[in-house]
Amino acid sequence: VKPFPEILPVENIGVCDIDSDGIAEINLNMLTQSLAGNNSNLSIEYFDQNQAPVILSQTGNFKNSTPFRETLTARVTYNDSGCYSETNFDIIIGPAPVAYPIDDLIGCDDDGDGISEYFDVSQVEANVLQGQTGLEVSYFGSDGGELTNFTSPYINREAFEETITVKLTNPETGCFAETSLLLKTSKAPQVNIPATQYACDEGNGFGSFDTSEWVQQVIGNQTGLNISWFDDNGNVLPTPLPAIYRNSVSGT
């Protein structure tokens, strides 16, 4: 009486589908070597889901006949006794993900050191996926190390500019795609405290204020800035302000 060969479960094999037809060339050499180990008394054969033998090329390749997913049986046989054991596994052929390009992100730099605590990365995943599902998203720094806590607000690790690699992976096939995200810091504007403005009371605490010097008082000689104005209640005022502004709150 001879024993059956010991055979461990075989993990599914993922293959990237180049032309989206669900057919690919799969190499089973590594699996064959793993199943045989160092035992020269073993033969390895493969069968499709109809129990027809799978014919491998001299290099160990074959093409699946069932698109996208095909179940194979691996049979390990003792040459001297003919006793064999079998296990099933799937060949999964899937398309490579598409890593859509992402716009650069700007983070405000309060003290000019090139480091910002204000990078909003909350929409990065949605922008790179563009509706694709079932994919794993991971992030890597310029040193190749994975960023395991890439959440908002993100603080850049490299001053002024940092490049993040965004990787999409199909966990079934191992197919992946990558794109780059550039983080840039921008110096925050200097906001000067303007002098208190006065106007003559035209009745009930309301007056007319000359706004001609307000911009200069707030930004000084800085250029290339957008200026927004708000009243006491946070309501947006016209930009630019009218030459004469009348207060909407009595007194101040």
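Over the face of which residue does Lys 167 lie? The views below, taken from a predicted model, begin with this residue.

**View 1. Lys 167 and the ring of Phe 176.** In this close-up, Lys 167 is positioned over the face of Phe 176, and its distance from the ring centre is 4.4 Å.

**View 2. Arg 75 and the ring of Tyr 84.** Here the ring of Tyr 84 has the charged end of Arg 75 sitting over it, 4.2 Å from the ring's centre.

**View 3. The aromatic pair of Tyr 46 and Phe 89.** Five aromatic pairs are found when the whole structure is searched. In the pair shown, the ring centres of Tyr 46 and Phe 89 are 6.3 Å apart and the ring planes stand at 85 degrees, so the arrangement is edge-to-face.

**View 4. The aromatic cluster of Tyr 139, Phe 150 and Tyr 154.** These residues, Tyr 139, Phe 150 and Tyr 154, form one aromatic cluster.

View 5. Because its relative accessibility is 58%, Lys 63 counts as exposed. Beyond its neighbours within four places in sequence, Lys 63 contacts Ile 23, Ala 24 and Glu 25. The C-alpha atoms of Lys 63 and Ile 26 lie 6.2 Å apart, although the two residues are 37 residues apart in sequence.

How values were computed
Residues numbered from 1 in each chain as written. Predicted model: local features only at pLDDT ≥ 70, side-chain atom pairs only at ≥ 80, totals over all residues. Heavy atoms only, no water. Buried < 20%, exposed > 50% of the residue type's maximum accessible area, 1.4 Å probe, protein only. Contact = heavy atoms within 4.5 Å. Phe/Tyr/Trp six-rings, centres within 6.5 Å; stacked < 30°, edge-to-face > 60°. Lys NZ or Arg CZ within 6 Å of the ring centre and 35° of its normal.
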